Amino acid sequence: MLLLGADSEKSREMDLDDIFLSRLTLLIVMMKAHIEGYPMGKVRKKAVLENARHVESECIDLGRLVPGLKTGPEKSQSMDFDHVFYQRVKLLAAMSIAIVKDEKVENHRKKSLKENLQIICEALTLHGGIQNADFLKVA
Amino acid sequence: MRCAIIPNVKIAIVEDDVLVRNFVVNTLEFSVNREVVAFEDGFEALHHISSDNCADIVIADINIPQIDGIELLQKIKKKKPEIICILTSGSSDLEKQAGDSGADAFLRKPYTVNDLFKIVQTFVVEKNKETEP
């Protein structure tokens, strides 16, 4: 029997924070797959849309949610890093929805998407990363 | 490098927590680019799965209403042993019972996108490679 998921001693029911972080991770994977040119069929588009809408609506007060979130130099400016990160996640969700709705994503917008993803990933410092997901390259 | 092939796989999710259920559906639909059916109780799921050719893979939480995940798995395996049955739970104490009942995998909560991708890789992609001519 294949065993997956949390370590035995850390096993518990999933809470809202688990769901949100998982959905944010999924959205990042979805958009990276899009940037790589992986096929996005009808069902995938539906999944992206639903996921992005959830992230957009649930994205609040991320500062307490993400451990080790940097509160570096930007804190001295008018907006602190938490707020900027919150806006970036909202932006990622909006970009995802626009892509699914087939709105034109020209080169400069693609560049913005890549930059936004990079900054979000750096802030989250995703450990372990996503492993073998070659199946995303086909539909 | 040869790319993975996604067969026309039918996946069923049985989970009474709507947030978890919807997250799993979105992740798996994105992974395999196929519709995934979802149920919130074991009885409804069993009725659907008992129909011809309605599921290749079933992912069921153990703690669900009507018929729990373990009983659901036992009923499915008795009638259609070829169906891949994966059980999930927030309690690792149920792991042994799941294994003894014939579960193909046990997914301890909280699980991640990576865990769900691993399920697709193992039971959809790798399994399809085994059956390829």
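A crossing of two helices is called right-handed if the near helix is turned clockwise from the far one by less than a right angle, and left-handed if anticlockwise.

1. The model is predicted. In chain B, helix α2 (residues 42-49) passes helix α3 (residues 69-79) in a right-handed crossing. Their axes come within 10 Å and cross at roughly 15°. Angles under 35 degrees count as roughly parallel, and α2(B) and α3(B) are therefore roughly parallel to each other.

2. Which residues make this contact? On the α2(B) side they are B:G42, B:A45, B:L46 and B:I49, and these meet B:L72, B:K75 and B:I76 of α3(B). Five of the contact residues are nonpolar, one is polar and one is charged.

3. Between the chains, 45 residues of chain A are in contact with 46 residues of chain B. About 3,900 Å² is buried between chain A and chain B, and carbon and sulfur atoms give 63% of this area.

4. Three salt bridges are counted between chain A and chain B. A salt bridge also links A:E13 with B:K109, where the closest N and O atoms are 3.4 Å apart.

5. B:K109 is joined to B:P110 by a cis peptide bond, with omega at about -5°. B:P110 lies in the loop between β5 (105-108) and α5 (113-131) of chain B.

6. B:N33 is not a glycine, yet its phi is positive, at about 55°. This residue, B:N33, sits in the loop between α1 (18-32) and β2 (36-39) of chain B.

Key
Residues are numbered from 1 along each chain as its sequence is written. Chains are lettered from A and ligands numbered from 1 in the order in which they are written. This is a predicted model: local features need pLDDT of at least 70, side-chain atom pairs count only at pLDDT 80 or more; totals for chains, interfaces and linings use all residues. Side-chain values use heavy atoms; hydrogens and water are left out. Axes are lines fitted to C-alpha atoms, for helices over the stretch in contact, and angles run from 0 to 180 degrees between N-to-C directions. Helices (H or I, at least four residues) and strands (E, at least two) are DSSP runs, numbered from the N terminus. Angles under 35 degrees count as roughly parallel, over 145 as roughly antiparallel, 65 to 115 as roughly perpendicular and the rest as oblique. Contact means heavy atoms within 4.5 Å. Ala, Val, Leu, Ile, Met, Phe, Trp, Tyr, Cys and Pro count as nonpolar, Asp, Glu, Lys and Arg as charged, and the others, Gly among them, as polar. Buried area is the accessible area (1.4 Å probe) that two parts lose on being put together, summed over both. A salt bridge is a side-chain nitrogen of Lys or Arg within 4 Å of a carboxyl oxygen of Asp or Glu.
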